[in-house]
Amino acid sequence: MHIMKEIEIIFYIVVPLVLLLGVGIFFLSGVYKVKKNQMMLVEKVEQFYKIVGPGTYFFMPIIYKRKGVYTITPMEKNIHIENGRNLIITYQVEDVKLYHYTKESIEEKVNEANNNNSEMSNEILTNTLKEMGLKYLGIREKKE
């Protein structure tokens, strides 16, 4: 009889604490911090919801999901062109939503532009990257 009371007391203390811990962890999983120079794309029930800038945010778990965090400062990418050239392209994410949902890579798009026009002028690269939500900043040969 004495053992049953101890088990009962433990049950009434441990179960609520475990449930409280689980609920706390569940809600903390909805807290997101977006750093300076970044943007975060959020979806609500698998559909685009919004883009948020630097700061701390709470989005209800399960309903809202962070789908991508993107740096909005200039970046460089090494690209191997199909004709054997190695280039470094400088770009910046301008339209986070368009960039996130574009399924082609920068390398594919630049190679496609190169195949269509071997000159790859700044205008062609500007338009090509704009289709992906990117701002073209420059290109140079990679020194081996």
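**Figure 1. Buried residues of helix α3 in the predicted model.** In this predicted model, the buried residues of α3 pack against β6 (75-80), β7, α4 and β8. The buried positions in α3 are Ile106, Lys109, Val110, Asn111, Ala113 and Asn114. An α-helix has 3.6 residues a turn, so residues three or four places apart point the same way. Among the strands that these buried residues pack against are β6, β7 and β8. The remaining partner, helix α4, is taken up in the next view.

**Figure 2. The crossing of helices α3 and α4.** Two packed helices are described by the angle between their axes and the distance between the axes. Here the axes of α3 (residues 106-116) and α4 (residues 122-130) come within 10 Å and cross at roughly 140°. An angle over 145 degrees would count as roughly antiparallel and 65 to 115 as roughly perpendicular, so this pair is described as oblique. The crossing of α3 past α4 is right-handed. On the α3 side, the contact is made by Ile106, Lys109, Val110 and Ala113. On the α4 side, Ile124, Leu125, Thr128 and Leu129 take part. Sorted by class, this contact has six nonpolar residues, one polar and one charged.

**Figure 3. The largest nonpolar core.** In soluble globular proteins, nonpolar side chains tend to be buried together. The largest nonpolar core of this model has 16 residues. Those touching the most other members are Ile79, Ile89, Tyr91, Ile106, Val110, Leu129 and Leu134. At least two residues of this core come from each of β7 (86-93), α3, α4 and β8 (134-141). With four residues, β7 gives the most to the core. Leu129 is in contact with Ile89, Tyr91, Ile106, Leu134 and Tyr136, leaving aside neighbours within four places in sequence. Another core, of seven residues, lies apart from the largest one. Its members include Tyr32, Val34, Val52 and Phe59.

**Figure 4. Methionine 40 in strand β2.** Met40 is located in strand β2. Its relative accessibility is 1%, and therefore Met40 counts as buried. Not counting residues up to four places away in sequence, Met40 touches Tyr32, Val34, Lys50, Ile51, Val52, Phe59, Arg66, Gly68 and Val69. Met40 and Val96 are 56 residues apart along the chain, while their C-alpha atoms are separated by 8.1 Å.

Figure 5. Thr90 is part of strand β7. Thr90 counts as buried because its relative accessibility is 17%, under the 20% limit. Leaving aside neighbours within four places in sequence, Thr90 is in contact with Pro74, Met75, Glu76, Lys135, Tyr136, Leu137, Gly138 and Arg140. Gly22 belongs to helix α1 (residues 2-28). Gly22 has a relative accessible area of 37% and is therefore partly exposed. From C-alpha to C-alpha, Gly22 and Thr90 are 45 Å apart in space, and they are 68 residues apart in sequence.

**Figure 6. Two loop residues with positive phi.** Asn37 is found in the loop between β1 (31-34) and β2 (38-44). Its phi is near 70°, a positive value in a residue other than glycine. With a relative accessible area of 35%, Asn37 is partly exposed. Glu46 is placed in the loop between β2 and β3 (47-52). Glu46 is not a glycine either, yet it has a positive phi of about 65°. Glu46 touches Lys65 and Lys67, not counting residues up to four places away in sequence. Between Glu46 and Thr56 there are 22 Å in space, C-alpha to C-alpha, for a separation of 10 residues in sequence.

Terms used. Residues numbered from 1 in each chain as written. Predicted model: local features only at pLDDT ≥ 70, side-chain atom pairs only at ≥ 80, totals over all residues. Heavy atoms only, no water. Axes fitted to C-alpha atoms, helices over the stretch in contact; angles between N-to-C directions. Parallel < 35°, antiparallel > 145°, perpendicular 65-115°, else oblique. Left-handed = near helix turned anticlockwise from the far one by under 90°. Contact = heavy atoms within 4.5 Å. Nonpolar A, V, L, I, M, F, W, Y, C, P; charged D, E, K, R; others polar. Core = buried A, V, L, I, M, F, W, Y, C linked by side-chain atoms within 4.5 Å. Buried < 20%, exposed > 50% of the residue type's maximum accessible area, 1.4 Å probe, protein only.
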